[in-house]
Amino acid sequence: MKKSKIVIDRHFIIDKIDRNIYGSFVEQMGRSIYEGIYYPGSPFADEDGFRKDVIKLVSELNIPIIRYPGGNFVSGFIWEDSVGPKNERPARLELAWSTIETNEFGLNEFMDWCKKVNTKPMMAVNLGTRGIEAARNLLEYCNFEGGTYWSDLRKKHGYEKPHNIKVWCLGNEMDGDWQIGSKTAYEYGRIANETAKVMKMIDPDIKLVACGSSGRGMPTFGDWEMTVLDLAYDNIDYISLHAYYGNQANDPADYLANSMDMESFITSVIAMCDAIKGKKRSKKQINLSFDEWNVWYHTLESDKSLEKWQYISPRLEDVYNFEDALLVGSMMITLLRHCHRIKIACMAQLVNVIGPIMTSDTGAWRQTIFYPFFHASNYANGKVLNTLVYSPKYDSKNYTDVPYLDAVMVENEEKDEVVLLAVNKDLEEDMEVTCDMRQYEYYEVKKHIVLYHPDLKAVNTEDNPDNVAPTIETGAKIDDGIFSAVLKKHSWNVIVLGKK
């Protein structure tokens, strides 16, 4: 059995976790909203047409913020179409996903749904086909008390009090040639800066997210960030990162090592932010919004044959397997390790479309990737400890020196708990893990949750929704101040340590 060691000191803190790191994302595409979140006429629908079974599962995830309405969709979004009486809203060609958008679900429905799942909105503005004027009007509609055209229109629509949306995205993936109204770094940096200036004139308390490059593999990566930051630094608060990973090569060892690419991506963008900070001699720190991250590859080929211009066109309905859950867990650990700069992160997406929740006309169920996110959101709150991991390593096709053990420890002072999140990436062997816990006197192991399945390709379905599900293990202990546990081969683990 391989052995690993974790070293911590309760005084060596990375930072306090911003709960917004447990955010998510919904977009007008596929069955994410229509049939997923909103399905009038369904036996599961409440009085407002929202699926109650989905509300229950989303509420379990304890998500503090949800990004909307995109995503690629936002670059053609005419927000005015999505408010007011539903029978007066126009249906339009939706160019991002080649469908017909009815606008039956819009801005105010999203705000109503957010209340039902106890979350806050992260609203995006259209900087593809539109710009400053539409953004300022949307902000006035949402956040201004009253006495102006747009704020009074909101009241006319039945919303007396402002929505008070405090986090806004300045467009989406604007360097991508697939994006409606894509731009050069200079073009985007200028319009993002000017839009930010105007929006903060209306509401100085909002926080703004500028688009980073659409991905680390883009030819624009690096130059894009440096240019946009240089042009908009004083008026933005975050820059975004997007990353998706897949196992098209069916190489589990290499696939699980992708968290190392995510790690490198994050440190690179932090360095760029700080380079511009130094250049400008600024006291302001730009933080990161990793507002799209997930596994996405299962439907890349099948979605190419989808028929265009349907009202509801199921797409990106990846059925996640067990190894996907392991990588999601490792990605979550990676985000937490950088909580000093990552203040917002959004698993993309939430329901049906590359989501942890799937639905049919007869029910809703948890995909395998539901569990690592659920465990992190509900157990890992407080301060991330500087977690040093001494683990055997392996080489894969695209990576070298990959630690078999990926782990982070979080101290929750309010609950007198320390929580270990860990992935054993070894595909063949269990692993013994130890940690000196003598600084936490009178602590004991309260719970050891394991997500494990002997088959890496195992999935959850409506007929078998608990095929991959967490179990409670025994055997982890603290003996004379030394914590020890055995982690099963290829497993996700949550170990809660607390006072006796």
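Guide: Happy to, and let's begin with one lysine. Lys-280 is partly exposed, since its relative accessible area is 31%. Keep in mind that this is a predicted model. The partner of Lys-280 is Asp-230, and their closest N and O atoms sit 3.5 Å apart, which makes a salt bridge because the cut-off is within 4 Å. Asp-230 belongs to helix α6 (residues 223-232) and Lys-280 to helix α8 (residues 259-280), so this pair ties together parts that lie 50 residues apart in sequence. Asp-230 is partly exposed too, with a relative accessible area of 26%.

Now for a pair inside one helix. Lys-197 and Glu-194 join their side chains in a salt bridge, at 3.0 Å from N to O. They are 3 residues apart in helix α5 (residues 185-202), so about one helical turn separates them. Lys-197 is partly exposed at 32% relative accessibility, and Glu-194 is partly exposed at 22%.

Next, have a look at Arg-31, which makes a salt bridge with Glu-317, with 2.7 Å between the closest N and O atoms. This pair links distant parts of the chain, 286 residues apart: Arg-31 is in the loop between β3 (23-25) and α1 (52-61), while Glu-317 is in the loop between β11 (287-295) and α9 (322-337). Both Arg-31 and Glu-317 are buried.

Salt bridges can also join up into a network, as they do for Asp-46, Glu-47, Asp-48 and Lys-116. Searching the whole structure turns up 36 salt bridges.

Technical notes: Residues are numbered from 1 along each chain as its sequence is written. This is a predicted model: local features need pLDDT of at least 70, side-chain atom pairs count only at pLDDT 80 or more; totals for chains, interfaces and linings use all residues. Side-chain values use heavy atoms; hydrogens and water are left out. Helices (H or I, at least four residues) and strands (E, at least two) are DSSP runs, numbered from the N terminus. Buried means under 20% relative accessible area, exposed over 50%, partly exposed in between (1.4 Å probe, protein chains only).
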